[in-house]
Amino acid sequence: GLRPFLNVEEDIGKKEINTDFLWPLGRYSRDEKTVLKRFLPLYFSKYDTQDDGRKTGYTMLLPFYIGGEAENGKYSLFFPFYGNLKKWLNKDEIKFIGFPFYIESKKGNDRGWEILWPIFHYAKGEGHRGFKFMPLYGFDKLEGKHLKKFYLWPFYINQKFYEGDKLSKENFIMLPFYGYERSEERDVGTIMFPLYVYDNNK
């Protein structure tokens with residue numbers, strides 16, 4: 001090799017090859033399952049071959065283009081004009097038109113819509129409802145899991161977490177006057193922070 005200009009490492013037995021050029025900017029690596037290419041900070045590509053022969057992965061040409069293939073189909077993004085991503089940001093699918101004007105997301109039975117993100121948000125699904133109009137009011141309710149509300153964010157926030165019908169934890173804050181976190185293990189709160197703070201471990 002001629003580090004840092006060029007360095008090549010090959011393992012014929014494992015069918016692996018790793019090539020670095022202008023390290024750490026450029027890299028090409030390949031084995032029986034994965035092919036990776038990059039030239040930081042603009043280009044990155046990684047594809048994996050699944051057991052059934054399908055290829056999944058993505059190519060990024062930052063900050064304008066992302067394209068790839070996931071388990072649920074092909075996708076592409078041309079930022080900020082249009083995007084249809086799959087298996088990104090913990091979602092099954094994300095679509096947008098004229099970001100941040102309109103965004104639509106899907107995860108399982110849950111659907112979410114954003115208008116002028118992050119100002120307006122609406123979500124619905126099985127046992128799930130959510131609404132947000134920043135910074136005036138918002139809530140997110142998931143049956144048996146949580147109920148979160150805010151008014152004039154971040155000045156009034158209340159979050160309740162459930163295990164079935166049982167309240168397991170609650171967070172409340174009304175800035176700058178009062179706040180607490182309560183659960184079976186702990187009771188901590190404040191009045192006119194930082195003038196008075198208490199912490200009671202149960």
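Tutor: Let's start with words: helices (H or I, at least four residues) and strands (E, at least two) are DSSP runs, numbered from the N terminus. Two strands pair if DSSP finds at least two bridges between them. Also, this is a predicted model, where local features need pLDDT of at least 70 and side-chain atom pairs count only at pLDDT 80 or more, while totals for chains, interfaces and linings use all residues. Residues are numbered from 1 along each chain as its sequence is written, and side-chain values use heavy atoms, with hydrogens and water left out.

Student: Ok, which way do β20 and β21 run, and how many bridges join them?

Tutor: They run antiparallel, and six bridges join β20 (residues 186-191) to β21 (residues 196-201). Arg186 stands opposite Asn201 in β21.

Student: And what's up with Met192 in that hairpin?

Tutor: Four residues sit between the two strands of the hairpin, and Met192 takes a positive phi near 50 degrees there. Most residues other than glycine have a negative phi, and most peptide bonds are trans.

Student: Where else does a residue other than glycine have a positive phi?

Tutor: Leu89 is one of them, with phi near 55 degrees, and Asn90 has a positive phi of about 60 degrees. Leu89 is in the loop between β9 and β10, and Asn90 lies in that loop too.

Student: Is Leu89 buried or exposed?

Tutor: Leu89 is exposed, at 69% relative accessible area, and Asn90 is exposed at 61%. The rule is that buried means under 20% relative accessible area, exposed over 50%, and partly exposed in between (1.4 Å probe, protein chains only).

Student: New topic: which peptide bonds are cis?

Tutor: One of them runs from Phe99 to Pro100, with omega near 10 degrees, and Pro100 is in the loop between β10 and β11 (102-107). The bond from Trp117 to Pro118 is cis as well, with omega near 5 degrees. Pro118 sits in the loop between β12 (110-115) and β13 (120-125).

Student: What does Pro80 touch?

Tutor: Phe96, Gly98 and Phe99, not counting residues up to four places away in sequence. A contact here means heavy atoms within 4.5 Å. Pro80 lies in the loop between β8 and β9; Pro80 and Phe96 are 16 residues apart in sequence, yet 8.6 Å apart in space, C-alpha to C-alpha.

Student: Which residues make up the largest nonpolar core?

Tutor: There are 12 residues in it: Leu36, Phe44, Met60, Ile66, Ala70, Tyr75, Leu77, Leu85, Trp88, Ile94, Phe96 and Ile103. β7 (65-70), β8 (73-78), β9 (82-88) and β10 (91-97) each supply at least two residues of this core. By core I mean a set of buried Ala, Val, Leu, Ile, Met, Phe, Trp, Tyr and Cys residues joined through side-chain atoms within 4.5 Å.

Student: Which ring does Arg182 lie over?

Tutor: Tyr180, at 3.8 Å from the ring centre. A charge sits over a ring if NZ of Lys or CZ of Arg is within 6 Å of the ring centre and within 35 degrees of the ring normal.

Student: Last one: how many aromatic pairs are there?

Tutor: There are 19. Rings of Phe, Tyr and Trp (its six-membered ring) pair if their centres lie within 6.5 Å; planes under 30 degrees apart count as stacked, over 60 as edge-to-face and the rest as tilted. Tyr137 and Tyr151 have ring centres 5.2 Å apart and planes at 40 degrees, so that pair is tilted. Both belong to a cluster linked by ring pairs, along with Phe120, Phe131, Phe139, Tyr156, Phe172, Tyr178 and Tyr180.
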